[in-house]
Each structure stands twice: as C-alpha cells, then as structure tokens.
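Biologist: I have a chain open on my screen and would like to go through its inside with you. Can we start with the rings?

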Amino acid sequence: MASAAFLKECNVFQGLSDAQIQKLVAIAKDESFPTGTLLYKEGDPSTHLYLVEQGKVFLEMKSDMGPARPPMQVIIDVVTRREAFGWSAFVEPNLHTLSALIAEPTKMIVFEGGKMRALMEEDCEMGFEIMKGLSRLLASRLNHTRVLLIGERALATLTGNTEYA
C-alpha cells in the first residue's frame with residue numbers, strides 16, 4: 001500500500017494537504033515490473049500516472065535518422081525514485097508522447113487516470129495543485145530534451161556531420 005509519507009516526498013504532489021494525500025492513498029496501487037518490460041509505447045492511449053518508488057524507467061522516443069538509416073530509440077529522460085511519468089493521462093488527446101521501458105526491477109505506485117481526475121474535479125484546490133506538479137514535471141522533461149538536442153547539434157558540428165547540425 002502506498003504510504004502518505006512517500007507521496008508527500010514526490011514533486012508532483014507538493015502543496016497537497018494531509019487529507020488530500022490520504023485521498024490519493026485510497027486509489028493508489030502498488031505494482032512491480034521486471035527489467036525489459038515495455039510499459040507502453042509512444043502513441044498508445046494514456047490511462048495511468050506512475051510514481052517510481054524503487055528502480056529506474058527509461059522514457060524514449062523514436063528518432064527518424066533519415067532515409068538511409070533506420071529509426072533509433074533515444075532516451076529522453078531517466079525516471080527514478082519519487083519521480084512521476086504518464087502525465088498524458090490528464091491532457092487530451094490522452095496519448096503517450098514517449099515510450100516507457102523498465103530499465104531495472106522497478107516498484108511503482110500507479111494511479112488510474114479516471115479515478116484521479118474525479119478526485120481533482122471534486123476537490124478543485126487539489127486538482128490545481130496536482131496540475132501545478134504536472135506542469136513542473138513537463139518543464140523538467142522539456143529542459144532534458146533541450147539539453148539532449150543542444151548536445152546532438154554541438155556534437156554534429158564538432159564532428160563535421162552537418163546533416164543534423
């Protein structure tokens with residue numbers, strides 16, 4: 001069972017009261033996944049929010065490398081303890097923007113998006129605080145993506161591969 005203390009440590013739930021955290025505990029499920037599990041693929045329907053309790057998850061996207069090369073998977077972010085992913089369950093069209101691959105044995109707390117949205121609608125203050133947490137998550141993910149893109153462009157420039165610079 002998810003602990004209230006752990007949920008309070010998670011960035012996405014900062015600002016929630018003890019009573020609001022207890023509402024989340026009531027709908028949380030504990031799940032474990034072995035290394036190599038593909039939790040979902042980019043473009044799949046998004047129905048859950050995940051919090052890593054222990055382990056590591058790679059968030060990846062397919063990158064088209066041009067007509068002469070096959071697409072490759074690029075790790076956009078590595079999700080570890082107290083970090084969330086699966087924000088697309090709260091934003092239409094509710095499709096995953098990345099794939100999630102379990103990188104090592106991982107224990108997670110999982111929230112069904114419909115149940116969580118119902119709580120957020122019932123308690124608008126709670127909903128607002130969670131959406132602020134999800135916004136922080138998105139801003140962080142965007143920053144990681146920017147850093148990757150800048151690194152790729154800089155490497156391409158340094159190596160003389162101007163096809164991607």
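Biologist: Are tyrosine 50 and phenylalanine 85 buried or exposed?

Modeller: Both tyrosine 50 and phenylalanine 85 are buried, where buried means under 20% relative accessible area, exposed over 50% and partly exposed in between, with a 1.4 Å probe and protein chains only. This is a predicted model, in which local features need pLDDT of at least 70 and side-chain atom pairs count only at pLDDT 80 or more, while totals for chains, interfaces and linings use all residues. Residues are numbered from 1 along each chain as its sequence is written, and side-chain values use heavy atoms, with hydrogens and water left out.

Biologist: Which residues do ring pairs link into a cluster?

Modeller: Tyr40, Tyr50 and Phe85. Rings of Phe, Tyr and Trp (its six-membered ring) pair if their centres lie within 6.5 Å; planes under 30 degrees apart count as stacked, over 60 as edge-to-face and the rest as tilted.

Biologist: How many aromatic pairs does that rule give?

Modeller: The count is 4. In one of them, phenylalanine 13 and phenylalanine 111 sit edge-to-face, 5.7 Å centre to centre with 80° between the planes.

Biologist: Where in the chain are phenylalanine 13 and phenylalanine 111?

Modeller: Phenylalanine 13 is in the loop between α1 (4-9) and α2 (18-27), and phenylalanine 111 is in strand β6 (residues 99-112), so their pair ties together parts 98 residues apart in sequence. Helices (H or I, at least four residues) and strands (E, at least two) are DSSP runs, numbered from the N terminus.

Biologist: New topic. Which residues have the most contacts inside the largest nonpolar core?

Modeller: Leu7, Phe13, Leu24, Leu51, Phe111, Met116 and Ile130, in a core of 27 residues. A nonpolar core is a set of buried Ala, Val, Leu, Ile, Met, Phe, Trp, Tyr and Cys residues joined through side-chain atoms within 4.5 Å. Another core, of 15 residues, lies apart from it and includes Val52 and Leu98.

Biologist: What is methionine 116 in contact with?

Modeller: Leaving aside neighbours within four places in sequence, methionine 116 is in contact (heavy atoms within 4.5 Å) with Phe13, Leu24, Ile27, Leu49, Phe90, Phe111 and Ile130.

Biologist: And which residues of helix α3 are buried?

Modeller: In α3 (residues 113-122), Gly113, Met116, Leu119 and Met120 are buried. They cover an arc of only 125° around the axis, which puts them on the same side of α3; the arc is that of the directions from the helix axis to the C-beta atoms.

Biologist: What does the face turned away from the buried side carry?

Modeller: That face of α3 carries the exposed residues Glu121 and Glu122.
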